[in-house]
Amino acid sequence: DVKSFQLQSFLPLPYEEVLAPRLKRAHEKLQSGSGAGGEFTGWVHLPRDYDREEFARIQAAASRIRANSQALVVIGIGGSYLGARGVIDCLRSPNYNLKRKDTPNIYFVGNGLSSDAMGEVLDLVADVDFSVNVISKSGTTTEPAVAFRFFRAALEKKYGREGARERIYATTDKARGALKSLADSEGWETFVVPDDVGGRYSVLTAVGLLPIAVAGVDITALMQGAAEMMETCTEASFRCPAWRYAAIRYELYRAGRSIELLACYDPAFRFMAEWWKQLFGESEGKEGKGLFPASVEFTADLHSMGQYIQEGKRLMFETVVRLGPSDRQLTVPADEADGDGLNFLAGKSLDFIRDRAMEGTLLAHTEGGVPNLIVETSGRTPADLGQLIYFFEYACGLSGYLLDVNPFDQPGVEAYKKNMFALLGKPGYEDRRAQLESKLEG
Ligand code: PA5
């Protein structure tokens with residue numbers, strides 16, 4: 001559900017009536033794929049129309065990896081990384097690798113160019129049985145391609161070329177790209193990133209599903225949750241929570257807010273917030289438009305960013321994600337001496353204390369001039385997360401069309417790549433290289 005708190009002090013109401021026709025048009029574009037970037041709206045009906053045969057292969061590959069590997073190395077960046085990490089952290093734990101469990105450790109690499117970070121994972125898998133899932137829709141992204149060279153070599157050294165073949169899973173385009181050609185010539189098992197699903201909308205394809213299933217998450221329930229929200233979102237009205245969220249954030253943007261802070265009181269949500277930042281940042285941030293998506297973790301950040309939020313420049317609004325009740329209910333122990341004066345909390349659950357912190361923060365921030373939206377899930381199961389993922393995706397598509405941008409392209413991410421290729425001496429970039437080097441020399 002999506003709620004707002006005392007919004008009338010920030011927005012001229014009612015905005016629903018004015019926005020409804022525009023939202024309806026945005027909705028129709030998403031449903032029919034007739035808007036800008038419509039060729040990338042395959043995710044809209046994916047929870048209903050996904051490839052069942054491939055889904056069964058994902059489950060089978062996950063069982064095989066769980067049976068023969070103590071670790072899975074997941075190689076990917078951006079949309080080929082954040083969703084899987086977000087879901088695994090949220091549903092299994094941010095301390096997943098440290099937990100006692102009967103599923104493999106999962107290491108994410110190829111999402112940067114740090115030698116130390118990659119070297120550490122090479123060391124961590126040196127003495128264990130491991131498999132690799134290399135994920136790249138284009139099959140040509142530099143960071144994962146470089147990482148894959150290292151981990152493929154490590155696998156081949158340990159198991160030989162034949163043995164490594166059984167341990168490499170490539171998730172990529174069905175026909176194009178260097179990774180697909182390599183996979184075909186080497187005989188690795190492949191999974192498909194559908195043509196009509198862009199990277200940041202791909203968590204519910206093999207991109208996210210294989211690592212998530214290896215971690216022991218029920219991916220059938222995840223898809224069912226997404227399908228439920230998909231059904232809810234077929235309704236073209238403000239009863240759809242994505243409509244309410246898209247409308248309010250758009251009106252706040254028009255009223256001068258330029259930053260949306262996604263806040264959550266669960267550290268397990270950290271990488272879901274990273275996924276959300278990519279989803280909205282890459283979808284909306286173009287043509288000089290768009291809210292800047294940022295995230296905070298409460299209550300930790302109330303002791304750092306809290307000062308700015310309460311009293312700094314009035315730039316932002318807050319969207320607070322409230323997950324359903326914690327799995328474990330810890331209560332504060334009583335202490336006869338009460339030296340710390342905390343006996344007034346004895347017997348109270350941490351959830352109860354957190355809820356009071358949440359309410360106190362909501363009141364304080366609203367009073368301080370920061371509008372607050374609340375996105376609530378009823379629980380924290382795979383189905384709840386599936387619903388939340390689809391809700392954000394749908395709201396993001398609607399938001400892009402309200403802003404009048406193409407929510408499915410990312411022309412801006414090419415600029416750094418071209419410079420990097422030129423500076424690295426990639427064939428074909430010679431002219432640019434000379435220009436850039438002279439600029440760097442100043
Ligand atoms: O959303 C996107 O399209 C990007 O973040 C991509 O997912 C990212 O650049 C990785 O691309 P690829 O999967 O082609 O390696």
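What end-to-end distance should the 22 residues of helix α14 span, and how far apart are its end C-alpha atoms? Helix α14 covers residues 382–403, and at 1.5 Å a residue it should span 32 Å.

Confidence in the prediction was considered next. The protein chain has a mean pLDDT of 96, and 100% of its residues reach 70 or more. For the model, the ipTM is 0.98 and the pTM is 0.96. Where pLDDT is low, predicted coordinates should not be read in detail.

The surroundings of the ligand consist of 14 residues. The closest of these are G78, G79, S138, T141 and G199. Sorted by class, the shell around the ligand contains nine polar residues, three charged residues and two nonpolar residues.

A145 belongs to helix α6, which is made up of residues 142–165. Around A145 there are 19 other C-beta atoms within 10 Å. A residue is buried if 20 or more such atoms lie within that distance, and exposed if there are 12 or fewer; A145 is therefore partly exposed. In sequence, A145 and K286 are 141 residues apart. In space, the C-alpha atoms of A145 and K286 are 27 Å apart.

Note on methods
Residues are numbered from 1 along each chain as its sequence is written. This is a predicted model: local features need pLDDT of at least 70, side-chain atom pairs count only at pLDDT 80 or more; totals for chains, interfaces and linings use all residues. Helices (H or I, at least four residues) and strands (E, at least two) are DSSP runs, numbered from the N terminus. The expected span of a helix is 1.5 Å times one less than its number of residues. pLDDT is the predictor's confidence in each residue, from 0 to 100. A residue is near a molecule or strand if its C-beta atom, placed from the backbone, lies within 6 Å of it. Ala, Val, Leu, Ile, Met, Phe, Trp, Tyr, Cys and Pro count as nonpolar, Asp, Glu, Lys and Arg as charged, and the others, Gly among them, as polar.
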